[in-house]
Amino acid sequence: MKALVEHIAKSLVDYPDAVQVEEAQEERTTVLRLSVHPDDMGKVIGKQGRTAKAIRSVLYAANKQHERVRLDIAD
């Protein structure tokens, strides 16, 4: 899951070297925290959050273990 989010984010941004995805476990939920270069924040979020919502949709669809997954986009 971490590699998937990283791959999607790197294909969207101008500074792919600044993309970082951290994976943490909170209770029964896997939390993926995405951080990007400040200039690329708008590209990852998109107009009215559409790009972020699309990334989350792909993430949920790729979840084969049916575990809880949350994507946080860090400032």
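Leaving aside neighbours within four places in sequence, Thr-30 is in contact with Glu-23, Ala-24, Gln-25, Glu-67, Arg-68, Val-69 and Arg-70. The model is predicted. Thr-30 sits in strand S2. Its relative accessible area is 5%. Buried means under 20%, so Thr-30 counts as buried. Two polar contacts involve the side chain of Thr-30. One, of 3.3 Å, reaches the side chain of Gln-25. Another, of 3.4 Å, reaches the side chain of Glu-67.

Arg-68, one of the contacts of Thr-30, belongs to strand S3. With neighbours within four places in sequence set aside, Arg-68 touches Arg-28, Thr-29 and Thr-30. Ser-35 lies elsewhere: the C-alpha atoms of Arg-68 and Ser-35 are 20 Å apart in space, and the two residues are 33 apart in sequence.

Which residues of H3 are buried? They are Ala-52, Ile-55 and Leu-59. These three cover an arc of only 60 degrees around the axis, and therefore lie on the same side of H3. Arg-50, Lys-53 and Ala-61 are exposed, on the face of H3 turned away from its buried side.

Definitions and conventions: Residues are numbered from 1 along each chain as its sequence is written. This is a predicted model: local features need pLDDT of at least 70, side-chain atom pairs count only at pLDDT 80 or more; totals for chains, interfaces and linings use all residues. Side-chain values use heavy atoms; hydrogens and water are left out. Buried means under 20% relative accessible area, exposed over 50%, partly exposed in between (1.4 Å probe, protein chains only). Helices (H or I, at least four residues) and strands (E, at least two) are DSSP runs, numbered from the N terminus. The arc is that of the directions from the helix axis to the C-beta atoms. Contact means heavy atoms within 4.5 Å. A polar contact is a pair of N or O atoms within 3.5 Å; within protein, one must be able to donate a hydrogen and the other to accept it, and residues adjacent in sequence count only if both atoms are side-chain atoms.
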